[in-house]
Amino acid sequence: MAFTLTLALASASCGRSTPATAGEPAPAGFEVPAGQALVLVVGDDGTLVPWTADLADDPGRMAVPFPVARSAAAIQPLGDIAVLAVNRTGLSRLSVRRGTGAGRSGTRLSVEALPGAEGEFAGRTVSSSWARGNEALFLLFRHPIYETEVPRSPASVTVTATASSASILAPGVGGDAYALYPSSADSWLVQYRSEAGDRVIPGYARYSPDGASGSGATEPLERLAFEKLVSPMPLGAAPEALRTAAAALGGSLLVEARFTDGSRRAYVRGDPGEAAPAWAQLAASGTGDGIAAIVVTDDWRVSTTRQSADGCVTTVQTPAAPVPGARARDAAIVGGLVIILWEEDLFPDVGLSGIMAMQTGL
């Protein structure tokens, strides 16, 4: 697969795979080749497998509406690991292993199933992801148009995952939650949707979680107040590292950014109607490889800003899409790698889907 790099240096400064020695066990995980991207695709059973060109030519492959597709739907970083949600399947833990030992070096991405909540994914669609402390959270909801399975009760659940297992956050944010926007670590904006006959009943609220109990206080909001709270802010109001990473990318941008406290915030530059969707993460101080922030656009531009003793360095990379029509759909920093979720966009259908892992060294 082709992989081209374009470098844009904001200031001076700021990184291989070796076969295992004979007799050593094969290393776990998938190798991330130096100077190239590792591309994995979601198989028919929901597991990730290495990309091969013949997958795109499979005559039995069918595109299906995105709410019911087995696809890489959301990723939530938790320090040096991340939790990946595969729609209609379950959760996996992603971690990075740097090769050490006699005759071996390199980087590998480990993908391991997280047990405990896989039964909740049938008949529901993955919506938002966010974090609270050392937990990754995912909202699963029943799609009102494309769902084909019998209704679940409740229609929506909140799944919480640590590095070792997953469970249901009960009672969670509500059984008819449709979308969630974590505006801060202790304040989540929730959109609700229920039906009564042929009527659709929307609702909006601010939810404040109560410690580790899964319960919390709900403050109803009017629609206009809710929309104002979730509206994008000017990109100039973003933290410096995020602004620096975005400055290396041209054109209008609509950026959804993750912060170290687990919250998310949207920012816009230029005309929102013409803006390229993008995903960003502001890294915690001391993150591996000195990464301060990343911004990834849906048309495959990846901007990484690092901090060093010599100042700030920004790198722009342009990996090739895995298949024609594939778009980046989310991104996160995991163990010094940039992990990008992608899907073959045949809206409202999804074809192939998976993840791309890439090094960010200069």
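Visitor: How many bridges join strand β16 to β17, and do they run parallel or antiparallel?
Guide: 5 bridges join β16 (residues 199-209) to β17, and the two run antiparallel. Two strands count as paired if DSSP finds at least two bridges between them, so β16 and β17 qualify with 5. Strands themselves are DSSP runs of E, at least two residues, and helices are runs of H or I, at least four; both are numbered from the N terminus.

Visitor: What should I know about the source?
Guide: This is a predicted model, where local features need pLDDT of at least 70 and side-chain atom pairs count only at pLDDT 80 or more, while totals for chains, interfaces and linings use all residues. Residues are numbered from 1 along each chain as its sequence is written, and side-chain values use heavy atoms, with hydrogens and water left out.

Visitor: What makes β14 and β17 edge strands?
Guide: Their sheet is open, with 4 strands in the order β14-β15-β16-β17 and antiparallel pairing. β14 and β17 (216-220) each have a single partner strand, so one side of each is left without a neighbour in the sheet. Neighbouring strands here are turned by 30 degrees against each other on average, direction ignored.

Visitor: Which helix lies across this sheet, and at what angle to β15?
Guide: Helix α1 (residues 223-230) lies across β14, β15 (187-196) and β16, at about 135 degrees to β15. Axes are lines fitted to C-alpha atoms, for helices over the stretch in contact, and angles run from 0 to 180 degrees between N-to-C directions. Contact means heavy atoms within 4.5 Å.

Visitor: Why is β21 called largely enclosed?
Guide: Buried means under 20% relative accessible area, exposed over 50%, and partly exposed in between (1.4 Å probe, protein chains only). In β21 (residues 276-282), 6 of the 7 residues are buried, so the rest of the structure largely encloses the strand. β21 is joined to β19 (residues 253-258) by 6 bridges, running parallel. It is joined to β22 (residues 291-297) by 5 bridges, running antiparallel.

Visitor: How do you know that Thr297 is buried?
Guide: Thr297 has 0% relative accessibility, so it falls under the 20% limit. Thr297 lies in β22. It touches Leu249, Leu253, Pro277, Ala278, Trp279 and Ala328, not counting residues up to four places away in sequence.

Visitor: And Arg132, buried or exposed?
Guide: Arg132 is buried, at 14% relative accessible area. Its place is in strand β10 (residues 125-132).

Visitor: What makes the largest pocket a pocket, and what is its volume?
Guide: On a 1 Å grid over the protein atoms alone, a pocket is an open set of points with protein on both sides within 12 Å along at least five of seven lines; a cavity is a set where a 1.4 Å probe fits but cannot get out. The largest pocket has a volume of about 1200 Å³, the space filled by probe spheres set on points joined across faces, edges and corners.

Visitor: Which residues line the largest pocket?
Guide: Lining residues have an atom within 4 Å of a point. There are 39, of which Ser127, Ser128, Glu256, Trp279 and Arg329 lie nearest the centre. Glu256 and Trp279 are also bridge partners. Strand β14 (residues 177-184) gives the most to the lining, with 6 residues.
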